[in-house]
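Okay, thanks for making time, everyone. I'd like to walk you through the side-chain packing in one structure, so let me put it up on the screen.

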Amino acid sequence: QVQLVESGGGLVQAGGSLRLSCAASGHTFRRYVMGWFRQAPGREREFVATINLSGGSTYFADSVKGRFTISRDNAKNTVLLVMNNLKPEDTAVYYCAVANRLSMSMRQDEYDYWGQGTQVTVSS
């Protein structure tokens, strides 16, 4: 059993930055691949970023590549998503998720636990 709590969302102007944090508790943090997904109103949830168990490998959706970074601190049981040069189309609820697997994944059906989400709103 893993519990995830996201924080750091809010309102920001286009071009600004936000840092989202995901705090995990429960099973050993190091055994899980981590991911971030987002869901805008009226749209399907989509992949944003993922990171492997050690934090040495990351992968991003094309829409955020070069603007977002993902990192993890296994000692603190946290994963971060730093979002730079935000655009209005980044507006969504952002979800932290964990997958009990060794390989990074972009598929939401391969993730086992999900946080409650945090709202990010980017104004024009």
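Before I point at anything, a definition: rings of Phe, Tyr and Trp (for Trp, the six-membered ring) pair if their centres lie within 6.5 Å, with planes under 30 degrees apart counted as stacked, over 60 as edge-to-face, and the rest as tilted. Two housekeeping notes. This is a predicted model, where local features need pLDDT of at least 70 and side-chain atom pairs count only at pLDDT 80 or more, while totals for chains, interfaces and linings use all residues. Numbering runs from 1 along each chain as its sequence is written, and side-chain values use heavy atoms, with hydrogens and water left out.

So, the rings. Searching the whole structure gives six aromatic pairs. In the pair of Phe37 and Tyr111, the ring centres are 5.1 Å apart and the planes sit at 80 degrees, so that one is edge-to-face. Phe37 is in strand S4 and Tyr111 is in the loop between S9 and strand S10 (113-114), so the pair ties together parts that are 74 residues apart in sequence. Strands, by the way, are DSSP runs of E, at least two residues, numbered from the N terminus. Next, Tyr111 and Trp114: centres 6.1 Å apart, planes at 55 degrees, so tilted. Put together, ring pairs link Phe37, Phe47, Tyr59, Tyr111 and Trp114 into a cluster.

How accessible are they? Tyr111 is buried at 6% relative accessible area, whereas Trp114 is partly exposed at 27%. The cut-offs are under 20% for buried, over 50% for exposed, and partly exposed in between, with a 1.4 Å probe and protein chains only.

Trp114 also has a charge over its ring: the charged end of Arg45 is 3.8 Å from the ring centre. That charged end sits over the ring of Tyr95 too, 5.6 Å from its centre. The criterion is NZ of Lys or CZ of Arg within 6 Å of the ring centre and within 35 degrees of the ring normal.

Now the disulfide, meaning cysteine sulfur atoms within 2.5 Å. The search finds one: Cys22 and Cys96, with sulfurs 2.2 Å apart. Cys22 is in strand S3 and Cys96 in strand S9, so this pair ties together parts 74 residues apart in sequence. The link is left-handed, at -80 degrees about the S-S bond. Cys22 is buried at 0% relative accessibility, and Cys96 is buried at 0% as well.

That's my tour, happy to take questions.

Definitions and conventions:
Helices (H or I, at least four residues) and strands (E, at least two) are DSSP runs, numbered from the N terminus.
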